[in-house]
Amino acid sequence: MELGERKLKILAAIIESYIRTGEPVGSKALTSALDNAVSSATIRNEMAELANLGYLDQPHTSAGRVPTAAAFRLYIDRLMPRKSLSDGVKKQIDELLASFAGDPDRLVSEASQALADVSGCAAVTTTPSLPSSSVRRIEIMRVSPRAAALLMMTGAGALRSRICRFDFDVDDQVMEQLSKALSDAFSGAALADIGLSQVQHLMVELGENGLRCAPALTCFYELVQESAEAEVLLTGQLNLLRHPDFELTRARELLSFLSRREQLMNMLAASPAGLHVVLGSESPRPELEGSSIILTQYTLGSSSQPTAGSIGLIGPLRMNYSEAIPRLEYFAKAVGRLLSELLGEEG
């Protein structure tokens, strides 16, 4: 059923009041919100019809009404006023992220943390999957007779490190041979082209030291796999525990789902391109009931197939969407721009 203009105005006023206060909304409060243009009796009749249509709930007999998930969906899609961030807020975001622009991993994680802090929600981001990136530099530093630190920098600017332990004492000469062999074989190679067979071939080429160096070669292969795959970063989880809209049991169920990173990654990967809002009741996951997820992407480069990562907010159904959405969109734009500049992929 198509709602008339008066019903839409009343529904929008109820939702905006509920977002601000978290309290059920009565007809008297709506009369003031609508500048007394509609009588209290008319508002009560319209609210009753909206309730019959599934847009309002009445938590208690004597209480006002609260919007349902269907009402929030209608509000987000048709009624919500679109707001723009002020130049001052944009400048604050730019300055915050610019201080981490030299470190891609830190930039994405700090953007996620900043979003969580300003929104009072949890924030989720994925690093872009970069199998086409290459190995820029490899170094090995011995930290003890049987341990070494392996460092690898990719063409995407990501730095990965791992401690590898040997079964035998390994002297500096062997470390130098291994470091040179790795650099000669893989510097400049695309991550996607480095397979287990190439690493095993290098072990054979190392001759009698091949078996001794096997732990370091295994670490190198694992770093290559990690660098080529996207990661999920989740920040601000404690905000959900503190939010009054989440009872403790519901918050724990939501946090339990969010802690299973593989499931979270699958959900993000299945999301369509562009900004969209997933209300908990629209998701097949029962843990998301009563919550809302706002997602968009940041992109690197301006090619026909730019690399993308996801960035989003997770919070209660009663989220201030008109403020959260433009902030999220600007964070995504800023992260994409800074990463593109760092990787030399500007349009």
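**Close-up views of a predicted model**

**View A. Thr-235 and its surroundings.** Apart from neighbours within four places in sequence, Thr-235 is in contact (heavy atoms within 4.5 Å) with Ser-112, Gln-113, Ala-116, Ala-122 and Ala-123. This is a predicted model, where local features need pLDDT of at least 70 and side-chain atom pairs count only at pLDDT 80 or more, while totals for chains, interfaces and linings use all residues. Residues are numbered from 1 along each chain as its sequence is written, and side-chain values use heavy atoms, with hydrogens and water left out. Thr-235 belongs to strand 7, residues 232–235 (strands are DSSP runs of E, at least two residues, and helices runs of H or I, at least four, numbered from the N terminus). With a relative accessibility of 14%, Thr-235 is buried (under 20% relative accessible area, 1.4 Å probe, protein chains only).

View B. You will find 0 disulfides here (a disulfide is a pair of cysteine sulfur atoms within 2.5 Å). For Cys-213, the nearest cysteine sulfur is that of Cys-164, 9.2 Å away. Cys-213 is buried at 1% relative accessible area, and Cys-121 is buried at 4%.

**View C. Helix 1 against helix 3.** Helix 1 (residues 5–21) packs on helix 3 (residues 40–52) at about 85°, with the axes 10 Å apart (lines fitted to C-alpha atoms over the stretch in contact, angles running from 0 to 180 degrees between N-to-C directions). The two helices are therefore roughly perpendicular (65 to 115 degrees).

Notes. Buried means under 20% relative accessible area, exposed over 50%, partly exposed in between (1.4 Å probe, protein chains only). Angles under 35 degrees count as roughly parallel, over 145 as roughly antiparallel, 65 to 115 as roughly perpendicular and the rest as oblique.
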